[in-house]
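Q: Could we work through how helix packing and domain contacts are to be read in a structural model?

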Amino acid sequence: MSLTQSALGALVLLPLLVAAVTAVLPHTPRRTLGVGTALVLPVLLAPVLWSTAVDGDVVDLALGGYEPPLGIRLRADGLSAAFLTLSVVVGTAITAYAAVLPHSTGRRIVSPPTMQPEGPAGPGGGAQPEPAEQAAPADRPGVWRPGHPSFWPLWLACWSGLNAVFLSGDLFNTYVGLELVGMTAVALVALGGRSSWQAALRYLFVAVLGSLLLLIGIGLLVSITGTLDVLQAGAVLADAPEETRPAAVLALCLITVGMCLKVALVPFHTWLIPAHAGAPSAVSPLLSALVIKAPVFVLLRVWLWVVPAGEDLAVLTVVLSVMGAAAVVGGSVLALRQTHLKPLIAYSTVAQVGYWFLFAAMVGGSSSGSPEGLPGVDITEDDVVSSALVGTVAMALGHGLAKAAMFLAAGFLKDLYGTDEMDRLRGVGQHHPGLVMAMGLSAVGLAGLPISLSFSGKWMLTTSAVAAGHYWAVVVIVIGTILSAAYLVRAIAPLLVESEDEGTAVEVPEWQLEHASVLTQLPPLVLGLLTIVAGFGGALLGDLLTVGAPW
Amino acid sequence: MTEVVSTVQWYLILGTVVGIAGTVRLMLTRDLMARLVAMNVVGIGSLLVLLALGAAAPEIDPVLSALVITGLVITVAFTGVGAVLIRRIEGIEDTQEEAQEDAQEDPQEGREDEDGGERG
């Protein structure tokens, strides 16, 4: 077993192990171990990324030496490496943020006897609870305090699950990893205290329904192909007799619907807004940047690697791309109508999800029968799909970086000022130049302006849409870009503009300003910068994704 | 042989019907506990489908049985989390009840708070 292979296994198993250990430790060692894990994972990622991106090899590890179909196989091809990099980069940044600012990890009930002696000294001291929550404790002994130590085991287990999904070589581990992600994500949302429990429960129902559909889909694929391994199943299905085709298509439909539920594609998006907006400040960026990428990854895997494309998928691809287009436009319009920062960013996620499903149209083939017969241009079906894949992955990664920065910044402002209502946050930008800079950079990334990674993604997607003759997709992308620029300006402009009426301006409580140290502004700023800088890696991403590609 | 196939089909249909009935109930009811039960019904429906698929082959497919067992374990885990959340949500409506719960949880919560307090 080579060093790279060990790193592959450790990427999944190390966070899981640390999660189990932290569960029995008090809070401070939990933080230390969490930060330690976040420092080790990039080191483990490096050899995996090196051998996929530079050497162009697919890294493969059969755990325990058992080969498929019996054993568990971890496999890192280009697609895995791309998503894994996102998971490690964003995960490390947010772990750093949560460690520096434990307030951002949620809210918990404590009893007055232990709370009162240290109440005045503690920075929280119940000053942050929202009015509805402040009223309740009067007639009960529990008092809400910021910070929740359960964040650490839950987040580390979630990280392990994400890496497991991205590295899984078989469908069964994909399912288990996705369940681990779903379960911990629900619990992470619930850390937000009383107001977020309802949202967490709703998320739980959606997550379970989605997973069960995935499970049936996988079961169908197993009953046709007799194997769980992604590559083997793909190979069997490619030569499968005609009569098994309807079952394969049914499995694809079930998996697609299940994943659409989990990724909150319109019209299944309603659960996402309260869950992402109500989650604690350190959790929202994780949910938006990483957790919803896992189902996207599964969809790409199943659509491109397992079930071969065919004429009979035409209806499904049309439905998906129409839903994607509806999400882009509808999500953006709804984002424009929000008065609070975090719901606005959550609706922006709904809109961004739509872009990734425009991909379905390209997989479904060109609308004009064959790729455009422009003189001197020779475009094959595979070129269209591969450039659409690069575009979609670039947009998903760009969204991950930008949205993590955006949610971190918005969550920080909400924690500091006790509100995320945009009218009340007027002019706060002068206190936090770094934070607003991070939001500005991530807004450039989210809107897909040049030179961000999302711009490369939109460019590739548009190119392949034109090549396939889907001109409507270009219109959707342009409308979506304009609308997203509009709602992002709406979100950031109030932060920069002084309130006209001095009386309504929010004051920063003295004791809280000391927490607005440079250190807490660093993770959003780094992520914001990466959104832009990663745009230069667009071409590299194209090369990376050809490693282990099905064409 | 035809009889075996029809038995499998019968269970496939049964599983599908149970699953759809559970899904409809899950979406239409507001009662949280009923939704949790409906979620389990969907789970049972989908596991029936998987078992029927496993029995469709001449020899029972152990992989599908493994999927069913994993599905069961995960559904139980999610039901537990859901039940805790429902108890807390409905506890809000009855503050008296919640006060008692908090009193029971005090020792542990208090200890965690000390850790938090030192840092703060």
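The dialogue below takes up helix pairs and then the domains of this predicted model.

Q: At what angle do helix 1 and helix 2 of chain A pack?

A: The axes of helix 1 (residues 3-22) and helix 2 (residues 27-54) of chain A are 8 Å apart, at an angle of about 165°. Angles over 145 degrees count as roughly antiparallel, and helix 1 of chain A is therefore roughly antiparallel to helix 2 of chain A. The crossing of helix 1 of chain A past helix 2 of chain A is left-handed.

Q: Which residues make the contact of helix 1 with helix 2 of chain A?

A: Helix 1 of chain A contributes, among others, Leu8(A), Leu11(A) and Val18(A), and helix 2 of chain A contributes residues including Leu33(A), Leu41(A) and Val48(A). By class, the residues of this contact are 16 nonpolar, 5 polar and 1 charged.

Q: How are helix 12 and helix 17 of chain A oriented to each other, roughly parallel or roughly antiparallel?

A: Their axes come within 8 Å and cross at roughly 170°, so helix 12 and helix 17 of chain A are roughly antiparallel. Among the contact residues are Pro285(A) and Leu290(A) of helix 12 and Phe407(A) and Leu408(A) of helix 17 of chain A.

Q: Into which domains is chain A divided, and where do the bounds fall?

A: Domain 1 of chain A comprises 1-108 + 138-308, and domain 2 comprises 311-551. Their C-alpha centres lie 21 Å apart.

Q: How many residues of the two domains of chain A are in contact?

A: In chain A, 45 residues of domain 1 are in contact with 50 residues of domain 2. Helix 3 of chain A supplies the largest share of the domain 1 side, 12 residues. That side divides into 30 nonpolar, 12 polar and 3 charged residues.

Note on methods:
Residues numbered from 1 in each chain as written. Chains lettered and ligands numbered in written order. Predicted model: local features only at pLDDT ≥ 70, side-chain atom pairs only at ≥ 80, totals over all residues. Axes fitted to C-alpha atoms, helices over the stretch in contact; angles between N-to-C directions. Helix = DSSP H or I, 4+ residues; strand = E, 2+ residues; numbered from the N terminus. Parallel < 35°, antiparallel > 145°, perpendicular 65-115°, else oblique. Contact = placed C-beta atoms within 7 Å. Left-handed = near helix turned anticlockwise from the far one by under 90°. Nonpolar A, V, L, I, M, F, W, Y, C, P; charged D, E, K, R; others polar. Domains from an automatic or database assignment.
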